[in-house]
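Hello,

Please read the notes with the coordinates open.

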Amino acid sequence: TMAAGALMRCATGWLLSRRTKLTLKGQQIFAGALVESFLIFVAVALFAFGFCSDEKGKAIPMGFRFGSLFQKELLVIVLGTCFAAVADEKIVHEVEGILGGVWVFGQLVLFSMLGSRTS
C-alpha cells in the first residue's frame with residue numbers, strides 16, 4: 001500500500017510541476033491554472049480510493065490471505081504526503097489554498113449532519 005501510494009503520488013507531483021510543458025501537436029495541453037492542479041490531485045486520490053476495492057470489498061486479493069491487497073485510507077494518506085514532498089512548493093500552496101476553500105463548505109455539510117441521523 002505504501003509503495004503503490006508513493007509511486008502514484010510521486011508521479012503525479014512530478015507531472016503537475018511540469019504540466020505546462022506538455023504539448024500535443026504543438027498545442028499546450030494544460031493552461032497552468034490553479035484549479036487544474038487541484039482537480040488532478042483530487043482525481044488521483046479518488047481513483048486510488050476506488051481502485052482499492054469493489055462492492056464486495058476485494059478488488060485485488062492478497063493471494064495468501066483474505067482481504068484486499070491495498071488499504072484505502074492508508075493509500076490516500078500516503079498519496080497526500082508524497083505529493084507534498086515531490087511537487088514544487090508553489091503547486092503545493094495552490095492546492096492547499098483551493099482545498100481550504102472547499103473545506104469550508106465541507107465543514108458546513110459535515111457538521112450540520114452530525115446529530116441529524118443522516119447517512
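**Salt bridges**

Glu94 and Lys90 form a salt bridge, with 3.9 Å between the closest N and O atoms. The model is a predicted one, and this applies to everything below. A salt bridge here requires the side-chain nitrogen to be within 4 Å of the carboxyl oxygen, so the pair at 3.9 Å qualifies. Both residues sit in helix H4 (residues 89-113), and because they are four residues apart, about one helical turn separates them.

As a general point, side chains of opposite charge can pair when their charged atoms come close.

**Helix packing**

Helix H2 (residues 34-51) packs against helix H3 (residues 72-86) at an angle of about 155°, and their axes are 9 Å apart. An angle over 145 degrees counts as roughly antiparallel, and H2 and H3 are therefore described that way. The crossing of H2 past H3 is right-handed. On the H2 side the contact is made by Phe41, Val44, Ala45, Ala48 and Phe49; on the H3 side, by Lys72, Glu73, Leu75, Val76, Leu79, Gly80 and Phe83. Sorted by class, the residues in this contact are nine nonpolar, one polar and two charged.

What is the arrangement of H1 and H2? These helices are likewise roughly antiparallel to each other. Their axes cross at roughly 165° and come within 11 Å. H1 passes H2 in a right-handed crossing. H1 contributes Met8, Arg9, Thr12 and Leu16 to the contact, and H2 contributes Ser37, Ile40, Phe41, Val44, Ala45, Phe47 and Ala48. The classes are eight nonpolar, two polar and one charged.

**Cys10 and Cys82**

Cys10 is in helix H1 and counts as partly exposed, at 28% relative accessibility. Which residues does Cys10 contact, leaving aside its neighbours within four places in sequence? They are Cys82 and Val86. Cys10 and Cys82 are 72 residues apart in sequence, and their C-alpha atoms are 5.9 Å apart in space.

**Backbone at Lys25**

Lys25 has a phi near 55°, a positive value in a residue other than glycine. Lys25 is located in the loop between strand E1 (23-24) and strand E2 (27-28). With 82% relative accessibility, Lys25 counts as exposed.

Regards

Notes:
Residues numbered from 1 in each chain as written. Predicted model: local features only at pLDDT ≥ 70, side-chain atom pairs only at ≥ 80, totals over all residues. Heavy atoms only, no water. Axes fitted to C-alpha atoms, helices over the stretch in contact; angles between N-to-C directions. Helix = DSSP H or I, 4+ residues; strand = E, 2+ residues; numbered from the N terminus. Parallel < 35°, antiparallel > 145°, perpendicular 65-115°, else oblique. Left-handed = near helix turned anticlockwise from the far one by under 90°. Contact = heavy atoms within 4.5 Å. Nonpolar A, V, L, I, M, F, W, Y, C, P; charged D, E, K, R; others polar. Buried < 20%, exposed > 50% of the residue type's maximum accessible area, 1.4 Å probe, protein only.
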